[in-house]
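Please look at the model below before reading on.

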Amino acid sequence: MKILIMGVDGYIGFPLALRLLNRGHEVYGIDNFITRKRVANVNSDSALPILSFKERNARIKKYFGRNVKFFYGDATNPEFMYRAIEKSRPDAIVHLAEQRSAPYSMIGLKEANETMVKNITSTMNLIYAVKDIVPKAHILKLGTMGEYGTPNIDIPEGFFEIEYHGRKDMLPFPKNASSWYHWTKVHDSNNLMFANRLWNLAITDVMQGVVYGTKTKEIADTGLYTRFDIDEVYGTALNRFTAEAILGMPMTVYGKGGQTRGFLSLNDSIQCLTLALEKPPESGEYRVINQFDEKYSVGQLAEMVQDIFKREYGIVPDIGHVENPRVEREEHYYNPEHRKLEELGYRRTKNIEEEVIDAISDLSKFRERLNSLKETLMPRTFWRRSSYDYT
Ligand SMILES: NC(=O)c1ccc[n+]([C@@H]2O[C@H](COP(=O)([O-])OP(=O)(O)OC[C@H]3O[C@@H](n4cnc5c(N)ncnc54)[C@H](O)[C@@H]3O)[C@@H](O)[C@H]2O)c1
């Protein structure tokens, strides 16, 4: 299959490209390296060293005999997107090329607008370019489980049957996001759903849980790390806790730590996306998949990291509770469905403990680098203080 990955230089895009090449697909990629720049702008960096994309691609060729056919450019530029799709004429496009940090979107109005405009525009460009050039191509778009929020009822996969005033209908489940970033994903989902109704495009909208870990089979084989962010803006909870425990710092659990979310390992995220590509929706179908493996509260994750350190290294890292910078429920019901991936053949490959042990081993090789990121770990971006400096 010919597959175009938008965001091929990112945490998920890079290992996905390796997996797809390994499985014999022809891989095209788009990136403008903006995550590297945005992370540098908040005085941080990937905790694992990563090569430039050019160097990565040269190494990929050594391993696989082929590499990624790469287009450098901004997905929010419609001319660029049309050109890239015209030149590659893919069977499927994976859209990962968005501003993906909730805290970044909450720094202030500038970052909120940047996230809104960039994320929504890139998806609109993709929709139109596919419709005009390759209308049969499958769009695989990364959304987030965070689109649903934390309602006090079960969360279905996209749609649910509702009865109101004696009448029934199958409707999109109401979304209730908790950052400007997460709202951009809701808007994207609405736009994709409408594009499907207008033009019968085949779309998979993935509601992805929080991804953790450093390893996939191909990363282990090639030694080519993917980026790994741990700072308060770009790092996700379990990745940050692992780094904090290695550094001997208390793990920064926000508030009471009762916030429950769906999680999955990097390897299984790549497995899910590969399955969704190789088993596409019917022509003209808008398919929503809830993509996560297990649900944990943030406090449970910290306890798990503590247990692993105790058992494997005889060290007991502290669990610290810091003021929650976010506006979110700290204790709530959470029961999302996730059946469709299993129906496609998904089976978990790695449990959370194995993945954390691998991450500890990878990160420990770069202690100095981790040390230099110490100052970036404590929360500084507070949802209610988000503002605009107009002076
Ligand atoms: N990592 C997670 O835990 C997680 C969870 C849920 C959803 N997601 C979603 O998955 C997607 C990928 O996440 P990730 O963690 O790999 O993020 P990432 O920031 O590491 O990767 C995104 C890549 O896209 C590129 N990019 C961004 N905007 C671009 C643009 N306008 N033009 C061209 N390139 C652009 C970036 O430079 C980067 O290389 C995102 O949409 C994110 O919202 C991620």
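Which helices each supply at least two residues of the lining of the largest cavity? They are helix H9 (237–246) and helix H13 (352–364). Helices (H or I, at least four residues) and strands (E, at least two) are DSSP runs, numbered from the N terminus.

Some conventions are needed at the outset. This is a predicted model, in which local features need pLDDT of at least 70 and side-chain atom pairs count only at pLDDT 80 or more, whereas totals for chains, interfaces and linings use all residues. Residues are numbered from 1 along each chain as its sequence is written, and side-chain values use heavy atoms, with hydrogens and water left out.

The empty spaces come next. Rolling a probe the size of a water molecule over the atoms shows where empty space is left. On a 1 Å grid over the protein atoms alone, a cavity is a set of points where a 1.4 Å probe fits but cannot get out, while a pocket is an open set with protein on both sides within 12 Å along at least five of seven lines; lining residues have an atom within 4 Å of a point. Grid points are joined across faces, edges and corners, and a volume is the space filled by probe spheres set on the points. A search of the whole structure finds one cavity of 30 Å³ or more. The largest cavity has a volume of about 30 Å³, and its lining consists of Tyr212, Gly213, Phe228, Leu238, Asn239, Thr242, Glu355, Val356 and Ala359. By class, this lining has five nonpolar, three polar and one charged residues. Here Ala, Val, Leu, Ile, Met, Phe, Trp, Tyr, Cys and Pro count as nonpolar, Asp, Glu, Lys and Arg as charged, and the others, Gly among them, as polar.

The second largest pocket has a volume of about 180 Å³. Of the 15 residues that line this pocket, the closest to its centre are Val42, Ile107, Glu232, Val233 and Thr381. The lining divides into six nonpolar, four polar and five charged residues. Threonine 381 is found in the segment after helix H14 (367–372). The side chains of threonine 381 and glutamate 232 are joined by a polar contact of 2.9 Å. A polar contact is a pair of N or O atoms within 3.5 Å; within protein, one must be able to donate a hydrogen and the other to accept it, and residues adjacent in sequence count only if both atoms are side-chain atoms. Threonine 381 counts as buried because its relative accessibility is 8%. Buried means under 20% relative accessible area, exposed over 50%, and partly exposed in between (1.4 Å probe, protein chains only).

The ligand is the next subject. It is surrounded by 27 residues, the closest being Asp31, Thr35, Arg100, Tyr181 and Lys185; a residue is near a molecule if one of its heavy atoms lies within 4 Å of it. This shell has eleven nonpolar, nine polar and seven charged residues. An oxygen atom of the ligand is 2.6 Å from an N or O atom in the side chain of tyrosine 181. A backbone N or O atom of alanine 75 lies 2.8 Å from a nitrogen atom of the ligand, and a polar side-chain atom of glutamine 208 lies 3.4 Å from a nitrogen atom of the ligand. Taken alone, the ligand exposes 830 Å², of which the protein buries 96%; such accessible areas come from the Shrake-Rupley method with a 1.4 Å probe, and for residues only the protein chains shown count as cover. Two or more residues of the shell come from each of helix H2 (34–41), strand S5 (138–144), helix H7 (180–199) and strand S9 (210–212).

Two loop residues deserve a look. Histidine 165 lies between strand S6 (159–164) and strand S7 (167–172), and its phi is near 50 degrees, a positive value in a residue other than glycine. Histidine 165 counts as exposed because its relative accessibility is 69%. Asparagine 200 lies in the loop between H7 and strand S8 (202–208), with a positive phi near 60 degrees. At 53% relative accessibility, asparagine 200 also counts as exposed.
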